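Thanks for taking a look at this one with me.

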Amino acid sequence: MTVTTTATETAPAHAATAVTAAVTGAVGTAHTRVEGRDKVTGAARYAGEIPFTDLAHGWLVLSTVARGRIASVETAPVLAMPGVLTVLHHQNAPRLHLDYIGMLGVPPDPTAAVFQNDRVPHAGWPVALVVAETSEQAREAAEALVVTYEQEPHDIGFRGDRPDAFTLDGHMPAVTGKGDLDAELAASAHVVDVEYTTPEEHHAMMEPHAATARWDGGRLDVVDSNQGTTWVADELSRMFSLDASAVRVRSEHVGGGFGSKGVRAHQVSAVMAATELRRPVRVVLNRRQMFSLTGYRSPTAQRVRLGADADGRLRALEHRSLSQTSTVWDFVEPSAGVARVMYDAPAHRTANEAVRLDVPSPTWMRAPGEAPGAFALEAALDELAERCGVDPIELRLRNEPERGPVSGMPFGGRNLAACFREGARRFGWADRDPRPGLRREGNLLIGTGTAAASFPAGAGPSTASVTAEADGTFTVRIAAADIGTGARTALTLVAADALRVAPARIRMRIGDSDFGPAMIAGGSTGTRSWAWAITLAAGELRERLAGEKTGVPAEGVTVRSDTTAALGALAQKERHSFGAQFAEVAVDVATGEVRVRRMLGVFAAGRIVNPLTARGQLVGGMVWGISMALHEEGIRDRASGGHYNGDLAGYHIATNADVPVVEADWVDDPDPDDPVGIKGIGEVGIVGAAAAIANAVWHATGVRHRNLPIRPDRILTAGGPHV
């Protein structure tokens with residue numbers, strides 16, 4: 001990093017001049033993680049590792065039936081086992097308050113509100129918590145607990161033609177439409193009308209869900225692994241009818257979340273047990289329990305209809321998506337939403353639908369809606385390009401909208417064309433023969449494909465405090481969550497630039513609800529939201545210090561910010577990050593195996609705060625795209641309603657051996673309406689990646705694969721002229 005210093009830079013910031021005597025340019029330079037040493041040496045402790053005196057351990061007991069009622073819970077034999085302290089279930093657990101709208105604007109998911117009645121709505125539903133002195137004792141007793149059920153017939157059959165499907169609003173309206181779809185399709189020179197499917201997918205982060213609850217001086221203190229401490233604190237205070245100030249949630253280090261680490265059964269049951277026993281209780285989920293209790297991406301069945309004139313300009317676009325939800329909680333995977341931003345047409349219709357089944361509740365998963373939606377939409381665009389005889393990139397460029405196709409609002413930056421042009425140059429797209437099945441290396445058929453990506457660039461109201469310390473350092477406090485993205489480091493760089501000092505003079509404290517409300521780590525809104533709050537506080541602090549004549553007092557000088565008003569004053573625009581994905585695959589004609597040989601993603605994602613961790617985020621998303629395209633598939637047993645492959649032995653994800661050369665880069669794309677220029681990168685890397693791979697498989701083999709994952713058996717049974 002290149003820095004500029006003055007003579008006062010090395011001196012303590014006792015005078016105002018030391019604050020404005022600047023080191024500039026931290027944002028935009030590569031920085032290793034500020035907590036990196038702690039993580040590699042083990043000094044950084046995660047939620048399941050932090051010691052507490054007199055700690056007890058809880059183990060959840062999950063239902064073995066997919067639908068019915070609990071007839072009995074035989075607790076007496078278990079309570080007599082060594083170390084067992086209590087067994088909580090629907091007959092003795094505290095009653096929870098569930099009639100509220102939470103911080104994110106939605107009511108509580110009853111899946112988290114454990115032990116409130118005798119109903120069992122899906123296999124793996126929590127029916128009891130066994131608490132013991134050790135985790136081993138708790139698990140042994142939980143596995144010995146006898147629960148009997150009055151079993152009822154269940155239905156887990158997801159398919160695209162379900163007659164009981166219904167439209168469902170989520171964080172966007174269920175249905176949008178304009179124009180005469182049938183008329184425009186009839187008048188189109190080229191029509192694509194196809195269905196695509198994606199399977200159930202799971203988050204599979206490294207760190208399992210874990211929470212420890214205890215009462216400390218009349219306050220509930222929860223040490224957790226989550227994506228937003230103020231979010232979890234708000235939900236727990238409402239569920240347990242506590243004053244908001246009586247709940248503190250801490251989550252300093254998080255080993256991955258991807259959307260699943262919100263309010264779950266383990267936190268709620270830990271609080272119940274800690275309240276009964278008046279001692280700390282920790283509940284940690286094992287991997288199999290996570291497949292039932294922590295959400296997942298719903299399977300989808302998507303129908304895309306495109307109509308275009310002779311040169312490939314769209315006249316009609318319809319994108320309908322069906323996903324599943326549980327019988328206790330309506331959650332929709334809004335896959336049709338991506339079409340509302342990417343392409344326009346005189347007739348434009350989208351719809352998100354759901355069907356209620358006897359399955360666990362789905363939830364947000366990296367790029368919710370956009371990841372499966374882009375697979376369908378971008379694969380359909382590729383099919384349209386083939387029919388029109390137009391290059392896939394050129395087809396997309398011809399259909400670039402000037403304004404939001406549904407909203408009509410201007411774009412707050414849309415540099416997708418620049419991403420495609422730069423990506424095509426670096427990938428060697430101009431040398432590609434568009435005809436499929438022509439490139440061969442022995443048993444391998446080689447193909448290349450591309451797809452577009454987008455994800456909203458939002459921000460949520462957040463607060464932050466910045467303190468000028470007497471020793472010349474600055475302490476930033478914000479309830480941000482670093483879920484592995486490098487947010488702690490990015491915010492350090494933002495604070496350094498806002499205060500015009502070196503990053504080494506910033507102490508970043510995050511992951512504590514006592515720091516005040518802040519946006520969650522999700523929806524690519526985290527860093528943008530938190531950086532905005534820090535920038536406001538730092539700017540005011542600099543102004544205050546400029547008026548100080550006596551230096552910084554021993555207790556420091558603190559300024560607090562709140563971005564609610566600033567965000568409310570923003571002009572209404574379509575704000576998104578965009579990207580262009582490129583993939584080259586090799587398909588073995590003898591085994592049906594598909595190998596991705598290289599990938600390139602070029603993104604327009606706002607100002608990049610830390611190129612080192614940003615590239616890791618984008619590459620990580622693209623690797624997940626490989627996993628989505630070729631490996632991931634949660635499969636349920638129709639007889640039991642449970643998973644065949646509810647662990648990491650059976651649920652396949654991409655490993656190091658599956659990941660080739662993956663490159664990610666970006667074009668200049670700062671957001672002029674953001675104080676730092678940030679948009680967001682956490683989600684956009686996975687969007688379109690699976691479609692680019694699927695399009696490359698078609699180019700290699702001449703056969704379209706519209707059902708993910710593209711397994712070897714599907715390659716072989718699809719046949720075609722080249723396999």
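Predicted model: local features only at pLDDT ≥ 70, side-chain atom pairs only at ≥ 80, totals over all residues.

1. How does the radius of gyration of the chain compare with that of a compact globule? For 723 residues, such a globule would have a value near 27 Å, and the chain agrees, because its own radius of gyration is 27 Å. Along the principal axes, the C-alpha atoms fill a box of roughly 75 × 70 × 50 Å.

2. Now to helix packing. Two packed helices are described by the angle between their axes and by the distance between those axes. For helix H13 (residues 487-499) and helix H14 (residues 526-546), the angle is about 30° and the axes are 9 Å apart. H13 is therefore roughly parallel to H14, since angles under 35 degrees count that way. The crossing of H13 and H14 is right-handed.

3. Which residues bring H13 and H14 together? From H13 come Ala487, Ala490, Leu491, Val494, Ala495, Ala498 and Leu499. They meet Thr527, Trp530, Ala531, Ile534, Thr535, Ala538, Leu541 and Arg542 in H14. By class, the residues of this contact are 12 nonpolar, 2 polar and 1 charged.

4. A second pair worth a visit is helix H10 (residues 370-388) with helix H17 (residues 689-701). Their axes come within 8 Å and cross at roughly 35°. The crossing of H10 and H17 is right-handed.

5. On the H10 side of that pair, the contact residues are Ala374, Phe375, Glu378, Ala379, Asp382 and Glu386. Their partners in H17 are Ala690, Ala691, Ala694, Asn695 and Trp698. How do the residues of the contact of H10 with H17 divide into nonpolar, polar and charged? There are 7 nonpolar, 1 polar and 3 charged.

6. Finally, have a look at an open sheet of 3 strands, in the order S4-S2-S6, with antiparallel pairing. Its edge strands are S4 (119-120) and S6 (146-151), each of which pairs on one side only. Strand S2 (residues 68-74) pairs with S6 in the antiparallel sense over 6 bridges. To find your place in this pairing, look for Ile70, which stands opposite Tyr149 in S6.

Definitions and conventions:
Residues numbered from 1 in each chain as written. Heavy atoms only, no water. Axes fitted to C-alpha atoms, helices over the stretch in contact; angles between N-to-C directions. Helix = DSSP H or I, 4+ residues; strand = E, 2+ residues; numbered from the N terminus. Parallel < 35°, antiparallel > 145°, perpendicular 65-115°, else oblique. Left-handed = near helix turned anticlockwise from the far one by under 90°. Contact = heavy atoms within 4.5 Å. Nonpolar A, V, L, I, M, F, W, Y, C, P; charged D, E, K, R; others polar. Pairing = 2+ DSSP bridges. Rg over C-alpha atoms; globule rule 2.2 N^0.38 Å.
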